[in-house]
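Me: Can you walk me through how the parts of this model pack against each other? I'd like the cut-offs spelled out as we go.

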Amino acid sequence: MEKIISTAIVLEIDNIDTDQIIPAKFLKSTNKEGFGEWLFYNWRYDENDNPKPDFPFLQFQRDSKILIAGNNFGCGSSREHAAWAIADYGIEVVISSQFADIFKGNALNNGILPITVSESCLKALLKYFEREKTCAIEIDIEAQSMKVDAKDIYINIRFDIDPLKKKFILTGMSEIEYLVQQKEEIINFEKTHVL
Amino acid sequence: MGKTIIDKIWDLHCVKSVTDEVDMLYIDRHFIHEVTSPQAFTGLREKNLSVLRPDRITAVADHNVPTRNQHLPIENELSKKQVDTLVENCQEHSIELFGVGHEKNGIVHVIGPENGLTQPGMTIVCGDSHTSTHGAFGAIAFGIGTSQVEQVLASQCLLLSRPKTMRIEVNGDLGKGVGAKDVVLYIISQLGTEGATGHFIEFSGSVFRNFSMEERMTVCNMSIEMGARGGLIGIDETTIRYVTERATISEEKIAFWNTLHSDDNASFNRSVEFQAKEIQPMVTTGTSPDTGVGISKSVSASNRNSEKGLNYMGLGNDQQMIGTNIDYVFIGSCTNGRIEDLRAVAEIVRGYTKHEDVTVWVVPGSNKVKEQAIKEGLDKVFLAAGFEFREPGCSACLAMNDDKIPSGAVCISTSNRNFEGRQGDGARTILASPMTAAASAINGKITDPRTYLN
């Protein structure tokens with residue numbers, strides 16, 4: 001997963017909390033599968049489970065791998081079900097001007113790349129992709145670059161990602177694999193740890 | 001330059017720095033519950049891994065349990081399966097479990113402290129964002145996702161970016177009828193839900209110094225609602241008294257705890273200060289915890305509301321908060337489900353009855369809280385007022401069990417989140433203190449608790 005070229009879904013709402021991403025009534029599962037159909041459920045469906053036609057989400061390409069959302073995405077509950085729902089829906093990248101810390105960690109642990117951009121850049125992206133539903137964004141994880149080169153818009157920026165987490169995303173190695181390999185050091189640490 | 005208590009505790013737990021940003025942090029205490037742990041145990045099984053330190057883990061069923069008839073099997077099949085799965089996983093891996101009906105059962109962030117498991121200087125995690133509660137003890141405590149639960153089960157460690165630090169100082173004297181919940185709702189209203197993102201907070205100043213441990217827990221609990229990774233309060237005599245009443249601690253360890261404080265010249269990445277006299281009883285107006293206003297004000301006193309949020313709440317900008325109709329009152333949760341909270345409610349409602357159109361649920365944070373309330377006769381005060389006094393659990397805070405607020409109904413709640421649908425599909429939540437919730441229950445309208453205090 002070095003390069004992602006995809007159209008985008010736009011949700012111009014600030015402070016999207018994980019209760020909206022996946023409502024608590026869907027947290028009763030004991031496995032990780034199938035959460036995509038419940039993504040943003042209470043925004044997509046009414047109380048009788050009928051689709052809400054005014055929710056913008058479904059007007060975008062169903063195969064979009066990129067979600068562009070308002071500031072402070074993923075705040076609230078630590079439920080990783082939010083990341084499972086996003087990944088299961090097929091989204092691989094979320095772009096916002098700020099992410100809540102726990103969500104950011106959960107996203108990376110599920111192969112979802114959270115890209116933080118400036119407020120002005122986010123504003124430009126939200127405005128443009130709200131209108132241009134077939135235009136693609138090109139993301140190169142190795143180069144840490146995000147590029148949009150189309151009519152009326154040119155964006156080419158570098159985003160930050162910790163080198164270790166980048167390595168994990170590029171190689172598919174998980175954090176737990178890394179941690180388990182450090183077992184000897186952990187046991188040595190415990191010998192002098194006082195608390 | 002001096003160090004903060006946050007940096008000191010972090011450094012004591014840093015097994016090694018892996019990159020410039022990421023440290024491998026050792027975790028002293030791991031709490032698990034039925035909703036965010038099953039997939040972690042499945043992950044271990046799939047990878048053929050074992051639990052490294054079962055003695056550092058405590059399990060509890062709380063999120064998904066009914067608050068009535070806990071002696072009977074859980075009716076909801078999926079909830080029952082989650083709770084049963086927790087029991088099986090704990091048996092398989094020799095993890096201590098406070099299951100449904102156990103004398104130590106209750107909400108994870110209530111039972112940890114009350115059983116002496118939460119201690120100063122520790123690193124504490126749980127697959128629940130309100131783990132920040134335990135920061136009240138001068139601990140680095142934070143919520144984690146299920147992948148991280150699995151990592152801690154297997155390695156007792158996490159890979160985390162080094163913390164940025166923030167000091168929030170509140171000085172002066174609080175007015176009558178203004179409590180810890182009002183203080184934290186006020187701070188969140190000033191900073192916003194993303195105001196402390198990336199930071200661990202130290203709450204300092206005379207207001208927190210004078211608070212009891214339970215009041216400190218209420219404040220630290222809601223650190224996450226300002227985006228913080230966690231929030232703590234320095235260790236002092238109040239902390240040490242509370243812990244030593246609940247656990248056997250060596251003199252040596254107490255002496256060590258007393259060395260864990262921020263140096264006078266400690267440098268924080270950010271510092272803010274507020275004055276206690278500015279704080280009134282607070283109520284939220286919208287669908288985000290940062291939309292709180294002083295109870296005597298109107299909705300427009302918050303500039304953090306969105307049109308979407310106010311439409312959902314059915315409130316207009318010129319609506320006065322006092323007098324706003326309510327349908328339900330929820331008293332409980334890891335924010336305000338402790339004995340001092342129930343005492344504060346009883347003090348207001350003693351001799352009164354609830355408004356006839358209002359349903360009131362009092363859900364104690366744990367079996368110990370429930371037993372203590374009964375011992376003090378608080379249950380009789382609640383029943384005489386027409387309140388329901390339930391069995392412990394997370395209940396209507398997140399409405400995973402049957403305790404749901406109906407669509408369109410307004411609930412004044414002592415919990416921590418007023419997000420859309422948080423207390424049930426279409427439910428409208430107004431966050432407030434136990435005193436404000438109690439006074440409002442009597443009138444069926446948002447009511448200033450000071451009118452019921454002598």
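**Domains and chains in contact**

Chain A is split into domain 1 (3–161) and domain 2 (162–195), with bounds from an automatic or database domain assignment. This is a predicted model, where local features need pLDDT of at least 70, side-chain atom pairs count only at pLDDT 80 or more, and totals for chains, interfaces and linings use all residues. Residues are numbered from 1 along each chain as its sequence is written, chains are lettered from A and ligands numbered from 1 in the order in which they are written, and side-chain values use heavy atoms, with hydrogens and water left out.

Me: How far apart are the C-alpha centres of domain 1 and domain 2 of chain A?

Reply: The two domains do touch: 8 residues of domain 1 of chain A and 7 residues of domain 2 of chain A are in contact (heavy atoms within 4.5 Å). Between their C-alpha centres, the distance is 28 Å.

Me: Which residues of domain 1 of chain A lose the most area to domain 2 of chain A?

Reply: Those domains bury about 720 Å² between them, 66% of it on carbon and sulfur atoms; buried area here is the accessible area (1.4 Å probe) that two parts lose on being put together, summed over both. On the domain 1 side, three residues together make up 61% of what that side buries. They are L108(A), I141(A) and I161(A).

Me: How many salt bridges cross between domain 1 and domain 2 of chain A?

Reply: The rule wants a side-chain nitrogen of Lys or Arg within 4 Å of a carboxyl oxygen of Asp or Glu. For domain 1 and domain 2 of chain A, the count is 0.

Me: What area is buried between chain B and chain A?

Reply: Chain B puts 67 residues into the contact and chain A puts in 52. Carbon and sulfur atoms give 58% of the buried area, and the total is about 4,900 Å².

Me: Which side chain of chain B meets K25(A) in a salt bridge?

Reply: Across the interface of chain B and chain A, the rule finds 4 salt bridges. One of them has an N to O distance of 2.5 Å, and the partner of K25(A) there is D425(B).

Me: Which helix of chain B gives the largest share of the side that touches chain A?

Reply: Helices (H or I, at least four residues) are DSSP runs, numbered from the N terminus. Several elements of chain B each supply at least two residues to that side, including helix 1 (5–13), helix 3 (77–93) and helix 5 (146–155). The largest share, 7 residues, comes from helix 5 of chain B.
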